[in-house]
Amino acid sequence: EVQLQASGGGLVQAGGSLRLSCAASGFSVDDYAIAWFRQAPGKEREGISCIDSSADETTYADSVKGRFTISRDNAKNTVYLQMNSLKFEDTAVYYCAADPPPSIPVWGANTCSVLSGTPWAYWGQGTLVTVSS
């Protein structure tokens, strides 16, 4: 059974840190394209970061560069998003997503897309991050 479980969200003050986790089952995070997205209240979903597993390369949205770090632990089959120096504007529901090979994620239009804009195949349920001022 292919599943993604996101966790680690919560309430944090501005300037604080959180680490989100995305545990995968039914596939290997070492083989799939991986991405983190977020959706703030009243806003459209935007891409945050993605991994090209074939090339082992990562990309980030300009709004989070230098503050967020995406990583994976292949032994635990889990993807992480380390979030530092959090701002009020980071408040959102955060989602992890995965797409099977031979997908290659491409950054554009403030998001990370695969296979000419086709939807990501698998999504986690989302975890809420609330940053207080």
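Is Y122 buried, partly exposed or exposed? Y122 is partly exposed, with a relative accessible area of 30%. Here buried means under 20% relative accessible area, exposed over 50%, and partly exposed in between (1.4 Å probe, protein chains only).

This is a predicted model: local features need pLDDT of at least 70, side-chain atom pairs count only at pLDDT 80 or more, and totals for chains, interfaces and linings use all residues. Residues are numbered from 1 along each chain as its sequence is written, and side-chain values use heavy atoms, without hydrogens and water.

**Aromatic pairs**

The whole structure holds six aromatic pairs. Rings of Phe, Tyr and Trp (its six-membered ring) pair if their centres lie within 6.5 Å; planes under 30 degrees apart count as stacked, over 60 as edge-to-face and the rest as tilted. Among the pairs is F27 with Y122: the centres are 6.3 Å apart and the planes at 15 degrees, so this pair is stacked. F27 lies in the loop between β3 (18-25) and β4 (33-39), and Y122 in strand β12 (residues 122-123), 95 residues apart. Strands (E, at least two residues) are DSSP runs, numbered from the N terminus. F27 is buried, at 9% relative accessible area.

Y95 and W123 also pair. Their centres are 6.4 Å apart and their planes at 80 degrees, so the pair is edge-to-face. Y95 sits in strand β9 (residues 92-99) and W123 in strand β12, 28 residues apart. Y95 is buried at 16% relative accessibility, while W123 is partly exposed at 33%.

A charge sits over a ring if NZ of Lys or CZ of Arg is within 6 Å of the ring centre and within 35 degrees of the ring normal.

| Charge | Ring | Distance from ring centre |
|---|---|---|
| R45 | Y95 | 5.1 Å |
| R45 | W123 | 4.6 Å |

How values were computed:
Helices (H or I, at least four residues) and strands (E, at least two) are DSSP runs, numbered from the N terminus.
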